Number of protein chains: 2
Amino acid sequence: MEIYIQIKMNESLFLRNPEETDLGKKIIQNAIILIHAHGLECFNFKKLAQHIGTTEAGIYRYFENKQLLLLFIVDWYWSWQEYRIAFHNKNISKPELKLKKAIHILSETVVDDISTPYINEKLLYDIVMSEGAKTFLTKHIGEYNKAKFFKPYKDLCLHIADLISDYSPNYKYARSLATTILEMSHSLNFYKKNLPSLTDFSDTKKDDTLVAQFIEKMVFSAIQ
Amino acid sequence: MEIYIQIKMNESLFLRNPEETDLGKKIIQNAIILIHAHGLECFNFKKLAQHIGTTEAGIYRYFENKQLLLLFIVDWYWSWQEYRIAFHNKNISKPELKLKKAIHILSETVVDDISTPYINEKLLYDIVMSEGAKTFLTKHIGEYNKAKFFKPYKDLCLHIADLISDYSPNYKYARSLATTILEMSHSLNFYKKNLPSLTDFSDTKKDDTLVAQFIEKMVFSAIQ
DNA sequence: TATAAATAATAGCATTACTATCATTTTTAC
DNA sequence: GTAAAAATGATAGTAATGCTATTATTTATA
């Protein structure tokens with residue numbers, strides 16, 4: 001059985017849908033590779049074009065600029081994570097287990113998912129960790145929000161908030177706590193890697209569940 | 001009694017110490033004003049120079065580039081917050097009260113502190129909220145870390161972690177929790193303002209202690 | 001009052017972030 | 001199988017950005 005999952009993306013993110021053509025898929029695939037390798041700052045459409053053997057103008061036919069390309073892959077990532085959480089929690093009824101699963105999915109090492117041929121989720125996880133916040137740390141936040149570019153993130157946040165409320169219907173801060181889970185699951189892993197003294201973990205330790213354990217304990221004691 | 005506080009800054013942040021000359025102080029003061037008004041993306045040394053009536057090259061004599069200028073003011077902010085926390089907790093012995101005070105200082109509205117004439121802390125708070133993360137979301141993170149540019153943030157993190165450990169000596173995740181406090185105290189306020197559906201608060205509500213209340217409850221149930 | 005230090009004025013250059021045009025190839029429709 | 005349409009490639013150009021360099025002028029200091 002070979003299943004390929006396809007995520008329906010917000011059409012305002014692109015000028016031409018990259019998932020419908022070979023060149024488009026190459027753009028996504030190699031944008032992820034290049035941003036992962038050199039960071040968003042060093043990344044531009046000229047380099048991307050050279051890397052995949054096309055022209056700068058060719059990329060501009062798909063995306064208005066690199067911020068929207070970043071938003072595309074970051075939005076894709078959040079939708080994919082929500083899908084994974086829903087998938088793994090299928091047929092599980094205990095709210096406690098569901099919430100724990102979600103926390104672990106969000107804060108543990110991701111491996112490349114072969115059901116998405118031109119997207120390397122392992123690289124994408126790193127990109128979201130170190131560049132993801134830049135999608136909303138911009139003066140365009142209002143405009144982007146109107147265009148629903150943050151919908152995948154908000155949907156996931158609401159999904160987690162619902163899991164929290166299922167477990168603890170009287171807890172008053174389900175959304176703030178969901179946002180805390182989302183944010184800290186990525187940023188503690190970023191710090192663990194780059195500024196480990198801001199955490200209680202070190203990057204050398206093999207155990208990749210440490211961040212999840214911290215968050216899990218914090219969350220469950222908060223909503224108990 | 002008029003007291004002016006002065007924070008000793010890391011000398012590698014600048015080429016010439018801006019706090020020692022009139023032009024230098026103007027650079028800091030107006031950089032804060034302009035970054036607050038238009039965001040870091042739109043901000044550059046040419047605009048800053050025009051705004052204060054000097055030349056681009058003049059600014060470059062003080063700072064190598066705008067990232068280091070941002071680091072300067074963000075580092076200043078974290079040192080100032082640590083100072084405020086220490087100041088307000090002077091002669092208070094109960095660890096519980098100290099930690100609560102720290103949480104409130106970090107997550108509630110800041111007003112301009114007149115003991116720092118050319119720095120508007122109110123504007124600076126907004127800048128740290130919406131641009132602060134960009135200081136470490138860069139490929140230069142390793143190099144900046146070596147140069148100790150993140151020391152003020154780390155010191156504050158450790159300060160909070162110590163307050164946590166004083167209250168609850170057996171708690172295993174003092175640093176991660178301190179980082180969570182620091183990060184969420186700013187980012188929840190950012191979301192409250194810009195993407196309120198990610199929080200349980202709305203920007204219209206007058207009460208500015210809501211974020212603090214959420215964090216306080218979460219923290220104290222975690223370390224109980 | 002000489003000297004050094006700081007600032008102003010101006011120029012210039014490589015890179016970035018696009019836009020435009022036109023030729024060529026590939027796809028699709030009949 | 002061919003014509004039309006769509007997508008891509010090749011090339012050029014422009015305004016803004018992020019610097020560096022040079023020289024002149026002002027200001028502080030000895």
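1. In this predicted model, DNA strand D is surrounded by residues of both chain A and chain B. Chain A supplies Thr21(A), Leu23(A), Thr54(A), Thr55(A), Ala57(A), Gly58(A) and Arg61(A). From chain B come Asn44(B), Glu56(B), Ala57(B), Tyr60(B) and Asn65(B).

2. Two elements each give two or more residues to this surface: helix H3 (56-60) of chain A and helix H3 (56-60) of chain B. H3(B) provides the largest share, three residues.

3. The contact between the chains draws 41 residues from chain A and 41 residues from chain B. On the chain B side, two or more residues come from each of helix H1 (22-42), helix H6 (121-131), helix H7 (141-146), helix H8 (151-167), helix H9 (174-194) and helix H10 (210-223). The largest share of that side, eleven residues, belongs to H9(B). Its residues divide into 17 nonpolar, 14 polar and ten charged.

4. Within chain B, the axes of helix H4 (residues 66-89) and helix H5 (residues 95-107) come within 10 Å and cross at roughly 140°. The two helices, H4(B) and H5(B), are therefore oblique to each other, and the crossing is right-handed.

5. H4(B) contributes Gln81(B), Arg84(B), Ile85(B), His88(B) and Asn89(B) to this contact, and H5(B) contributes Lys98(B), Lys101(B), Ala102(B), Ile105(B) and Leu106(B). Four of the residues in the contact of H4(B) with H5(B) are nonpolar, three are polar and three are charged.

Notes. Residues numbered from 1 in each chain as written. Chains lettered and ligands numbered in written order. Predicted model: local features only at pLDDT ≥ 70, side-chain atom pairs only at ≥ 80, totals over all residues. Near = placed C-beta within 6 Å. Helix = DSSP H or I, 4+ residues; strand = E, 2+ residues; numbered from the N terminus. Contact = placed C-beta atoms within 7 Å. Nonpolar A, V, L, I, M, F, W, Y, C, P; charged D, E, K, R; others polar. Axes fitted to C-alpha atoms, helices over the stretch in contact; angles between N-to-C directions. Parallel < 35°, antiparallel > 145°, perpendicular 65-115°, else oblique. Left-handed = near helix turned anticlockwise from the far one by under 90°.
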